[in-house]
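Good morning, everyone, and thank you for letting me take a few minutes of the meeting. Please have a look at the protein on the screen, and then I will walk through it slowly, starting from a single residue.

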Amino acid sequence: MVKAKAPRRTLDSYAVKHINKIIKAGDCVLMRPADQSKPQYVSRIERIEADARGGNVKVHVRWYYRPEESIGGRRQFHGSKELFLSDHYDVQSADTIEGKCTVHNFKSYTKLDAVGNDDFFCRFEYNSSTGAFNPDRVAVYCKCEMPYNPDDLMVQCEGCSDWFHPACIEMTAEEAKRLDHFFCESCSSEGQKKLQNSHAASRHSDTKVDTKRRRR
């Protein structure tokens, strides 16, 4: 006779003693990789379950992939803390959880004053079988027409409002940080006229170009 499978119950939350943290469905966690030389895995907890006695706790997770784990690999515009929410689901022992982390949406991440070790961001869902992304396109910037990488410094044109990498406009990062005004090549003639009119009206200007700085 086949022995009946022991019933399991779903937990609203669970205290992971070895990290002194309480986890629940919806939390993002760092998980121990099989190969200790690799970075910790990142997943989102979908469900927590235990046996009838409350032991043998398992977590049902949905994995985040790092860019280098995707079919296309890491590309220039991928941020160092970027993750893709995959369609890869799994069941793991709660003992493999090594910490909690936060996976921000892209907009929230770019507004952080400081990025901690446990901060990540996600702007794409990823199909692990086909290598397809959702959304399949995002806004591009600069002459190089690349999506925005929040690790990179960029300067904004006061004319067209597009953002540019200093290297793409033959400028060093230090030069870009010292800019009071910036007009791209397409807007430079009209921009110079505006600046001349502005200086004629006032010798002093507090206007500074916005910059997107690398956060650590």
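Let me begin with a question: does Pro147 count as buried or exposed? Before I answer, please keep in mind that this is a predicted model, and that every value I quote is computed from it. Pro147 has a relative accessibility of 11%, and because buried means under 20%, Pro147 counts as buried.

Where along the chain are we, then? Pro147 sits in the loop that runs between strand S10 (133-134) and strand S11 (154-156). If we leave out residues up to four places away in sequence, Pro147 touches Phe77, Arg123, Val138, Ala139 and Val140.

Let me now step back to the protein as a whole, which has 216 residues, 38% of them counting as buried, and which contains three helices and 13 strands. Among the contacts with a separation of 6 or more, 56% are made by residues 24 or more positions apart. As for the surface, the protein exposes about 13,600 Å², and carbon and sulfur atoms supply 46% of that area.

Next, the interior. In soluble globular proteins, nonpolar side chains tend to be buried together. Here the largest nonpolar core has 21 residues, and those touching the most other members are Ile23, Val29, Met31, Ile48, Val57, Val59 and Ile97. Strands S4 (28-31), S5 (41-51), S6 (58-65) and S9 (119-126) each supply at least two residues of this core, and S6 gives the most, with four residues. To take one member, Ile97 is in contact, beyond its neighbours within four places in sequence, with Val16, His18, Ile19, Ile23, Val29, Leu30, Met31 and Val59. Apart from this core lies another one, of 16 residues, which includes Cys142, Met154, Trp163 and Leu179.

The largest pocket holds about 220 Å³, and of the 16 residues that line it, Arg75, Phe77, Phe124, Phe133 and Asp136 lie nearest its centre. Sorted by class, the lining has eight nonpolar, five polar and three charged residues.

Terms used
Residues are numbered from 1 along each chain as its sequence is written. This is a predicted model: local features need pLDDT of at least 70, side-chain atom pairs count only at pLDDT 80 or more; totals for chains, interfaces and linings use all residues. Side-chain values use heavy atoms; hydrogens and water are left out. Buried means under 20% relative accessible area, exposed over 50%, partly exposed in between (1.4 Å probe, protein chains only). Contact means heavy atoms within 4.5 Å. Accessible areas come from the Shrake-Rupley method with a 1.4 Å probe; for residues, only the protein chains shown count as cover. On a 1 Å grid over the protein atoms alone, a cavity is a set of points where a 1.4 Å probe fits but cannot get out, and a pocket is an open set with protein on both sides within 12 Å along at least five of seven lines; lining residues have an atom within 4 Å of a point. Grid points are joined across faces, edges and corners, and a volume is the space filled by probe spheres set on the points. Ala, Val, Leu, Ile, Met, Phe, Trp, Tyr, Cys and Pro count as nonpolar, Asp, Glu, Lys and Arg as charged, and the others, Gly among them, as polar. A nonpolar core is a set of buried Ala, Val, Leu, Ile, Met, Phe, Trp, Tyr and Cys residues joined through side-chain atoms within 4.5 Å.
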